[in-house]
Amino acid sequence: MTTLSKKQRKMRNRILIAAALLILVKLLPLTGWVRGLCCLAPYFIIGYDVLRKAALGIVNGQVFDENFLMAIATLGAFFLAVWTKSGDYVEGIAVMLFYQIGELFQSYAVGKSRRNISALMDIRTDYANIEQEGKLEQVDPDEVAVGSVIVVQPGEKVPLDGVV
């Protein structure tokens, strides 16, 4: 079982806190600008890093990245809730929340893939035993010529593909 990194645990906690606050805001009988202000807390908890990266992208001239698009989408949802006077700010928060959940899953999957690739690299042997003139010589597996006879001692890993 693999564990989450410190950054992943922090994101998981932010997701849980924002989701709990979103549910709380949805359940409380708040209306108008009070509801809007209360919705800003879970929005900034879950989305402050996306908003920061979007602003940095604009400053650096890389406007149309995923962070900018997420910021526009969620701020657009807030704007529509204000403009239509519906008071339903939940869509903007939910979009950011689901985006961050997806980012957490992606981060976990990439980390797991890296660990699996590293584990595969560890099973590769550092040498091959070549039989030459009745003697065994240890050489790098990349230097073994096609057709050479290799000897695998008891307990060793097979260094190359071949015919047994």
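Reply: K10, M11, R14, I15, I17, A18, L21, L22, V25 and K26 in helix α1 are in contact with R35, C38, C39, P42, I45, I46, G47, Y48 and D49 in helix α2. Contact here means heavy atoms within 4.5 Å. Sorted by class, the residues of this contact are 13 nonpolar, one polar and five charged. Ala, Val, Leu, Ile, Met, Phe, Trp, Tyr, Cys and Pro count as nonpolar, Asp, Glu, Lys and Arg as charged, and the others, Gly among them, as polar. The model is predicted, so local features need pLDDT of at least 70 and side-chain atom pairs count only at pLDDT 80 or more, while totals for chains, interfaces and linings use all residues. Residues are numbered from 1 along each chain as its sequence is written, and side-chain values use heavy atoms, with hydrogens and water left out.

Helix α1 covers residues 6–27, and α2 covers residues 32–59. Helices (H or I, at least four residues) and strands (E, at least two) are DSSP runs, numbered from the N terminus. Two packed helices are described by the angle between their axes and the distance between the axes. The axes of α1 and α2 come within 9 Å and cross at roughly 165°. An axis is a line fitted to C-alpha atoms, for helices over the stretch in contact, and angles run from 0 to 180 degrees between N-to-C directions. At that angle, α1 and α2 are roughly antiparallel to each other. Angles under 35 degrees count as roughly parallel, over 145 as roughly antiparallel, 65 to 115 as roughly perpendicular and the rest as oblique. The crossing of α1 over α2 is left-handed, a term used if the near helix is turned anticlockwise from the far one by less than a right angle, with right-handed used if clockwise.

Helix α2 also packs against helix α3, residues 66–83. Their axes come within 8 Å and cross at roughly 140°, which makes α2 oblique to α3. This crossing, too, is left-handed. From α2, the residues C39, L40, Y43, V50, L51, K53, A54 and I58 touch N67, F68, M70, A71, T74, L75 and F78 of α3. The contact of α2 with α3 is made of 12 nonpolar, two polar and one charged residue.

C39, in helix α2, is buried, with a relative accessible area of 0%, whereas C38 is partly exposed at 31%. Buried means under 20% relative accessible area, exposed over 50%, and partly exposed in between (1.4 Å probe, protein chains only). Leaving aside neighbours within four places in sequence, C39 is in contact with V25, F78, Y89 and I93. The C-alpha atoms of C39 and K26 are 13 residues apart along the chain and separated by 9.0 Å.

A disulfide is a covalent bond between the sulfur atoms of two cysteines. The cut-off for a disulfide is a pair of cysteine sulfur atoms within 2.5 Å, and a search of the whole structure finds zero of them.

E66, N67, M70, T74, A77 and F78 in α3 meet E91, G92, I93, V95, M96, Y99 and E103 in α4. This contact has seven nonpolar, three polar and three charged residues.

The loop between α3 and α4 holds K85, which is exposed, with a relative accessible area of 73%. Most residues other than glycine have a negative phi, and most peptide bonds are trans. Phi of K85 is near 60°, a positive value in a residue other than glycine. Further along, Y108 lies in helix α4 and is partly exposed, with a relative accessible area of 26%.
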